[in-house]
Structures are given as structure tokens and as C-alpha cells.
Amino acid sequence: MTIGDITPKKERKSRRSKHVVDDTAPLLPKRQDEDAGYDEFNGASFTGAVFNLSTTIVGAGIMALPATMKVLGLILGIAMIIFMAFLTDASIEFLLRFSRAGKTTSYGSLMGDAFGKYGRIFLQICVLVNNIGVLIVYMIIIGDVLSGTSSSGVHHAGVLEGWFGEHWWNGRTFVLIVTTLGIFSPLACFKRIDSLRFTSALSVALAVVFLVITVGIAIIKLISGTIMMPRLLPDVTDLTSFWRLFTVVPVLVTAYICHYNVHSIDNELEDSTQIKPVVRTALALCSTVYIMTSFLGFLLFGDSTLDDVLANFDTDLGIPYGSLLNDAVRVSYAAHLMLVFPIVFYPLRLNMDGLLFPSARPLALSNMRFAFTTVGLITLIFLGANFIPSIWDAFQFTGATAAVCLGFIFPAAATLK
């Protein structure tokens with residue numbers, strides 16, 4: 001089956017009626033030749049698209065959001081989360097509107113139309129920096145959860161260390177090797193993003209499990225009267241504490257970055273008119289999860305909240321079955337991040353290939369390029385996770401550079417152009 005064999009339906013804008021505008025666009029795995037084996041794929045569903053976009057959004061950033069409450073206070077912190085959701089919706093609206101107007105079907109081709117070859121290359125570099133940084137954060141958190149961390153100066157035991165004691169096989173490096181080879185690598189081998197819809201649904205379910213358990217812990221501690229009143233406003237006493245307020249901006253920006261996957265999800269939708277409802281549904285879902293996680297995390301731990309709030313769940317909660325609940329919270333979210341990994345890796349691989357081989361045939365048709373690009377990127381992410389000490393450091397860098405460009409500067413620049 002080829003694109004020319006398909007007759008578009010008149011009553012709706014089907015993905016099957018779309019055509020490839022720029023074969024070199026890195027974010028455009030549109031429709032492959034016969035040997036790609038996609039003949040049975042008739043387009044992604046609304047639900048699958050929502051799950052994929054939600055999984056792109058809700059990643060490691062959620063674990064750093066309670067720490068932003070420690071800086072901003074509850075009122076300002078929650079207000080900023082809601083504000084960033086509306087700002088993200090507006091920037092994605094700009095991307096989609098001008099992509100339709102210019103008949104472009106990827107973020108890369110939109111930037112290429114607006115700013116030429118160098119605009120597209122700059123976008124690709126930003127996607128590489130952002131996604132590599134985010135995936136390194138995922139691995140750091142998984143290492144923290146399973147093997148423990150001492151980044152704050154105090155050792156917080158990991159789940160495996162708590163269960164079995166300290167051994168060579170539950171050390172950070174070995175655990176990440178096993179996770180990379182056994183989970184990340186197989187999931188990264190899918191060539192179509194809609195193939196990940198079931199793992200995306202499971203990852204969202206695991207995030208909800210994490211949230212439900214955290215709500216239960218907070219309710220029990222509230223009833224027992226062991227929770228202090230959280231700080232509602234930022235504590236600004238001098239110029240240093242004032243400037244510290246701005247350190248949360250990169251974290252908030254990174255929390256909503258999903259722009260690099262919007263076109264890929266839109267391209268696979270059976271009905272492309274559904275993309276705006278997909279985006280708004282995903283943003284509403286993720287904002288709710290963000291607000292509840294930030295509120296509950298700061299409520300439970302107050303000014304002792306760590307940069308990665310999961311590391312706080314190794315302490316005595318002072319409630320029945322506290323140790324079991326601690327492990328359930330950490331394991332459920334670590335499993336969530338393992339399933340989010342391939343969703344963020346998908347556009348990373350496409351952009352790396354587009355940057356290195358701009359004139360080559362689609363990546364999905366070249367098994368050699370696909371394999372080498374996948375192995376190279378996963379190796380780079382693994383090495384970064386073993387040498388970068390804290391997720392806050394990674395968020396500060398990616399959020400202040402590539403993420404803000406992808407989420408807000410590029411859409412606004414393309415609109416003005």
C-alpha cells in the first residue's frame with residue numbers, strides 16, 4: 001500500500017490524506033514504503049494520542065516540582081503551574097496554526113520555512129540537548145530510587161539496598177546497566193510512536209498509583225495531626241533569596257515541554273482535527289497531576305523537601321505500613337519513568353539522524369542507521385547519568401537553554417516571522 005492508493009474521506013481530515021512536504025524533516029516519520037510493514041496501521045486514536053502526549057509531558061519534572069513549592073510557597077507555586085499550562089497551550093496553538101498555513105508537517109520543517117536551513121538545524125540541536133538532558137534525569141532518578149543517593153550530603157538508601165543490603169549487584173552502575181539493556185533498549189526499538197500507546201497508558205496508570213498512595217499518606221498524617229502548616233508564600237529576606245526565586249523557572253519550563261512530539265502525534269492521528277482537543281486534554285490531565293503532587297509532596301516534607309522528592313520516601317513516615325508505602329511510591333514512579341523513556345527517545349533519535357544524514361532516506365527504512373543511532377544515544381545517556389550528580393543541575397541547564405527555546409522562543413519567533 002502506498003499513499004497514492006488511499007482515497008481521502010471528505011467528511012474529515014484523515015491522516016491518510018496528508019502528504020510529505022519535506023523528506024528531510026527530522027520530526028516527520030509520516031508514511032513509509034511497503035517494506036516498512038505498516039500496511040495495517042489506519043491511524044492513531046484520540047485516547048492513544050492523549051496517553052502519548054501526556055507521557056511526554058509527565059516525566060521527571062514532576063519529581064522536582066515539590067522543591068519549587070519550597071522556594072515559591074504553595075500559593076505562588078500552584079499559580080505558576082497553572083500559568084505555565086496556559087502558556088504551553090498557547091505556544092502549541094501557534095505551532096499548529098502556522099504549520100497548517102504553511103502546509104508543513106513537522107516542527108523542523110516549520111522552522112526551516114521560517115528561518116531556512118540554519119533555523120531547522122538550530123531546532124534539531126535544541127531537541128538533542130533537551131531530550132538528552134531529560135533522559136539523563138530519568139536515569140538519575142531510577143538510580144536514586146533503586147540504589148540510593150548521597151547528592152545532598154546525606155545518604156538516602158535505595159529500594160534494593162533496603163531490601164537486600166549493600167551488594168555489588170545493587171550498586172548504581174550495575175542497576176543502570178541492567179535497566180538499560182533489559183528495558184530501555186527493547187522499548188527504544190519501535191519505529192512508530194503509536195506502537196508505544198499501551199506502555200504510555202501503563203505509565204500514566206503508574207503515575208496515578210503514585211499519586212493515590214501519596215494522597216493516602218497525606219490524609220493519614222493529617223488525621224493524626226503530624227503535618228505542620230505549609231508555607232504559603234516565598235520566604236524573601238534578602239537579595240540572595242529574591243534571586244533564588246528565579247531558579248524554579250527552568251524546572252517549570254521543562255515540566256511542560258512536549259512540543260517536539262506534537263507533530264509526530266498529529267501525523268499519526270486518524271482524524272487530524274482532533275489534535276487541539278488532544279493537546280488540551282493532555283495538559284489538563286498533567287496539570288492536575290502536577291498540582292496534586294507538588295502540594296502533597298511539600299505538605300508531607302515541608303522545608304526538608306529534596307530536589308528529587310522520591311529520595312524523601314526513605315524516611316519513617318510515622319504511619320502503619322510506612323515502609324511498604326515508601327517502597328510502593330518509589331517503585332511505581334521509577335517504573336513510570338522506565339516507560340516514559342522511549343516516548344522522549346523517539347524524537348531524539350529522529351533529530352539526531354536528521355542532523356547527521358539530512359539527505360538520507362527515512363530512518364525507519366535503514367536498519368543499520370537505526371541501530372547505530374539508537375546504541376550511540378543510549379550509551380551517551382547512560383554515561384551522563386553516571387557522572388551528573390543531581391537532577392536539579394540537569395534541569396537548570398536544559399530548562400534555561402534548550403527547553404525554553406523549544407517551548408516558547410521558537411514558536412513565538414515563527415509566528416512573528
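The points that follow begin with the overall fold and proceed to individual residues and contacts.

1. Overall composition. The model under review is predicted. The protein contains 15 helices and zero strands. It has 417 residues, of which 56% count as buried. Where contacts join residues at least 6 apart in sequence, 83% of them connect residues at least 24 apart.

2. The nonpolar core. The largest nonpolar core comprises 114 residues, and those touching the most other members are L53, I57, Y256, Y290, Y333, F345 and I381. Helix 4 gives the most to this core, contributing 19 residues. In soluble globular proteins, nonpolar side chains tend to be buried together.

3. Contacts of L53. With neighbours within four places in sequence set aside, L53 is in contact with C258, V262, I265, V278, V279 and A282.

4. Packing of helix 4 against helix 10. Two packed helices are described by the angle between their axes and the distance between the axes. Helix 4 (residues 107–147) and helix 10 (residues 259–268) pack at an angle of about 115 degrees, and their axes are 10 Å apart. From helix 4, the residues Y107, V127, N130 and N131 meet H259, Y260 and H263 of helix 10. The residues of this contact divide into three nonpolar, four polar and no charged.

5. T88 in helix 3. T88 is placed in helix 3 (residues 74–101). Is this residue, T88, buried or exposed? T88 counts as buried because its relative accessibility is 0%. Its side chain reaches the backbone oxygen of M84 at 2.7 Å. Apart from neighbours within four places in sequence, T88 is in contact with Y256, H259, L283 and F408. Of these contacts of T88, Y256 is listed among the core residues that touch the most other members, and H259 takes part in the contact of helix 10 with helix 4.

6. I92 in helix 3. I92 also lies in helix 3, and its relative accessibility of 1% counts as buried. I92 and P411 are 319 residues apart in sequence, and their C-alpha atoms are 7.5 Å apart in space.

7. G119 in helix 4. G119 is found in helix 4 and counts as buried at 8% relative accessibility.

8. The aromatic pair F184 and F341. A search of the whole structure finds eight aromatic pairs. In one of them, the ring centres of F184 and F341 are 4.0 Å apart and the planes are at 15 degrees; because planes under 30 degrees apart count as stacked, the pair is stacked. The pair links distant parts of the chain, with F184 in helix 6 (residues 172–187) and F341 in helix 12 (residues 322–356), 157 residues apart. F184 counts as buried at 1% relative accessibility, and F341 counts as buried at 0%. F184, F341 and F345 form one aromatic cluster; F345 is also among the core residues that touch the most other members.

9. I343 in helix 12. The place of I343 is in helix 12, and this residue counts as buried at 0% relative accessibility. Residues up to four places away in sequence being left out, I343 touches N52, T55, T56, I193, L196, S200 and N261. T56 lies 287 residues from I343 along the chain, and the two C-alpha atoms are separated by 6.2 Å.

10. V159 in helix 5. V159 belongs to helix 5 (residues 159–164). V159 is buried, its relative accessible area being 2%. Excluding residues up to four places away in sequence, V159 touches V145, L146, D327, R330 and V331. How many residues separate V159 and V331 in sequence? The separation is 172 residues, and the C-alpha to C-alpha distance is 7.8 Å.

Technical notes: Residues numbered from 1 in each chain as written. Predicted model: local features only at pLDDT ≥ 70, side-chain atom pairs only at ≥ 80, totals over all residues. Heavy atoms only, no water. Helix = DSSP H or I, 4+ residues; strand = E, 2+ residues; numbered from the N terminus. Buried < 20%, exposed > 50% of the residue type's maximum accessible area, 1.4 Å probe, protein only. Polar contact = N/O pair within 3.5 Å; in protein donor to acceptor, adjacent residues only side chain to side chain. Contact = heavy atoms within 4.5 Å. Axes fitted to C-alpha atoms, helices over the stretch in contact; angles between N-to-C directions. Nonpolar A, V, L, I, M, F, W, Y, C, P; charged D, E, K, R; others polar. Core = buried A, V, L, I, M, F, W, Y, C linked by side-chain atoms within 4.5 Å. Phe/Tyr/Trp six-rings, centres within 6.5 Å; stacked < 30°, edge-to-face > 60°.
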